[in-house]
Amino acid sequence: AVAVTSLKDAESLQMLNALIESTDAKLVLNTTGFASNRAPSPDLAPSPTDFQSSFERSLPVLQLVLSSSTEDDWQEQNQGLRNRDLAMQVVLPEMDGRIISRAVSFKQQSHFDQACQIDLVRYAIHEERAHFVAALAKGFCKLAIKPNKEKRIALILANYPTKDGRIGNGVGLDTPASTVTILNALADANYPINGIPETGNALIETLLGSVTNNPNTLHHLGCWQSLSVEDYKTYFSALPKASQDAVLARWGEPEADHKCRVQNGQARIMLAGIRLGQTFVGIQPARGFNLDLAANYHDPDLIPPHSYLAYYFWLRHVYKVDAIIHVGKHGNLEWLPGKGSALSEQCWPDIALGPMPHFYPFIVNDPGEGSQAKRRTQAVIIDHLMPPMTRAESYGELAELENLVDEYYQAMGMDE
């Protein structure tokens, strides 16, 4: 641990960069607030902003939050952090490209000082949240050390509404084609991938060959991976008791889930996706079933069903992926119930995703929704530009039909 006056202090930065190089550090845990970025505002600058990290080595920086409130206050707040902490320890550090983690300490009374006749306050660590951040840091370090050929990556495609025609929808992004591009880039970097579909359409057709979120095909299409209800209950029993009770009260037992199928006398929860070598490409499960489609995504109080939890439990505990990439704006994970920032162990994004390294290609002109993913699912946002504007025009059979109508109209005029 190193204490510095400020990350804007040249001597402090020089010392830190020397320590990073001498120790071959793979990651920085940062507890300083505000932003060290000295770049002018893009709205006021005469030239484009050229952001430079405080650290000379290219490495991830996890932002730890030291809350200025008490633990009880944090537990009671749906927002998670008070406005002061949110500004100084989340919003401004985001300007430096920090990966937002969790609140690891809170203020509490230390003792009464007789000389000054006041209660002295100190920071007290929150052990469970500190363990979460330590596991997240370990995950990022593993990505830096582990050979690419040994890494398992999962790419998740959104599916809203939960119709087969909407698999891989992403605002301003050809998500299926982009997924194929990412897969090819990973393969070129020696990740364990084979059998990559040639096009985005081919990828979607391959995904449609097995179960999806379509309730009409759940019980007659094949499934490439599933989680036994018995194993699921083991992971489920590790959740906070209140969280378990909430799921059971809303959705019943796992055997009643719409994606539960009995095979050879064993109940298993089906998981939508395919494996290309050791790399998983999947369809994000719905937040609910037998509900209004809008509620599946946007109801702030709708807790996820067993099949949703099973999906992420399988990725984390069974298939043991090293990182997850949610491709394209936006999925539903970052909108699950829980605090707005500094999540607790009872917040549903934490329950589902856990301390997993998370990457998220996201359209650049929607920082508001991208911030939800950063603050609630420790996402590393990878911005992509908006697509160029052009006339849609008619195409394919519609273009042929339009030509035939034009010819018919002209022929009518000639007959007169």
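**Starting from one lysine**

Modeller: Start at Lys329. Leaving out residues up to four places away in sequence, Lys329 touches Asn169, Gly170, Val171, Pro361, Phe362, Ile363, Asp366 and Glu369. Keep in mind that this is a predicted model.

Colleague: Which side chain makes a polar contact of 2.4 Å with that of Lys329?

Modeller: The side chain of Asp366. The Lys329 side chain also makes a polar contact with the side chain of Glu369, at 3.1 Å.

Colleague: OK, zoom out. How many helices and strands are in the protein chain?

Modeller: 13 helices and 13 strands. The chain has 416 residues, and 46% of them count as buried.

Colleague: What box do the C-alpha atoms fill?

Modeller: Roughly 105 × 65 × 45 Å, along the principal axes. The chain exposes about 21400 Å², with 53% of that supplied by carbon and sulfur atoms.

Colleague: What about contacts across the sequence?

Modeller: Take the contacts between residues at least 6 apart in sequence. Of these, 71% join residues at least 24 apart.

Colleague: Now sheets. What is the strand order in the open sheet of four strands?

Modeller: S1-S2-S3-S4, with mixed pairing.

Colleague: Why is one side of S1 and one side of S4 left without a neighbour in the sheet?

Modeller: Strand S1 (28-30) and strand S4 (118-125) stand at the edges. Each has a single partner strand, so one side of each has no neighbour in the sheet. On average, neighbouring strands here are turned by 30° against each other, direction ignored.

Colleague: Remind me what holds strands together in general?

Modeller: Strands of a sheet pair through backbone hydrogen bonds, in a parallel or an antiparallel way.

Colleague: How many bridges join S3 to S4?

Modeller: Eight. S3 covers residues 99-113, and the two strands run antiparallel.

Colleague: Which residues is Leu29 in contact with?

Modeller: Leu62, Leu64, Val133 and Ala137, leaving aside neighbours within four places in sequence.

Colleague: How far apart are Leu29 and Lys149 in space?

Modeller: 27 Å, C-alpha to C-alpha. In sequence they are 120 residues apart.

Colleague: New topic: the cores. Which residues touch the most other members in the largest nonpolar core?

Modeller: Tyr232, Phe280, Leu309, Tyr312, Leu315 and Ile324. That core has 35 residues.

Colleague: Which elements give two or more residues to this core?

Modeller: Strand S5 (153-157), helix H7 (229-236), helix H8 (241-251), strand S8 (266-271), helix H10 (306-318) and H11. The largest share, eight residues, comes from H10.

Colleague: Zoom in on Leu309. What does Leu309 touch?

Modeller: Tyr232, Phe236, Leu239, Val247, Pro304, Trp348, Ile351 and Ala352. Residues up to four places away in sequence are not counted. Apart from this core lies another one, of 33 residues, with Leu27, Val180, Leu276 and Val327 among them.

Colleague: Last stop, S10. How many of its residues are buried?

Modeller: Five of five, across residues 279-283. Both faces are covered. Thr279, Val281 and Ile283 are buried on one side, and Phe280 and Gly282 on the other.

Colleague: What does S10 pair with?

Modeller: With S5, S10 pairs in the parallel sense over four bridges. Leu157 stands opposite Ile283 there. Strand S9 (residues 273-276) joins S10 through four bridges too, and that pair runs antiparallel. In S10, Val281 is the bridge partner of Ile274.

Colleague: And the turn between S9 and S10?

Modeller: The hairpin has two residues between the strands, and Gly277 takes a positive phi near 70°.

Definitions and conventions
Residues are numbered from 1 along each chain as its sequence is written. This is a predicted model: local features need pLDDT of at least 70, side-chain atom pairs count only at pLDDT 80 or more; totals for chains, interfaces and linings use all residues. Side-chain values use heavy atoms; hydrogens and water are left out. Two strands pair if DSSP finds at least two bridges between them. Axes are lines fitted to C-alpha atoms, for helices over the stretch in contact, and angles run from 0 to 180 degrees between N-to-C directions. A polar contact is a pair of N or O atoms within 3.5 Å; within protein, one must be able to donate a hydrogen and the other to accept it, and residues adjacent in sequence count only if both atoms are side-chain atoms. Contact means heavy atoms within 4.5 Å. A nonpolar core is a set of buried Ala, Val, Leu, Ile, Met, Phe, Trp, Tyr and Cys residues joined through side-chain atoms within 4.5 Å. Buried means under 20% relative accessible area, exposed over 50%, partly exposed in between (1.4 Å probe, protein chains only). Accessible areas come from the Shrake-Rupley method with a 1.4 Å probe; for residues, only the protein chains shown count as cover.
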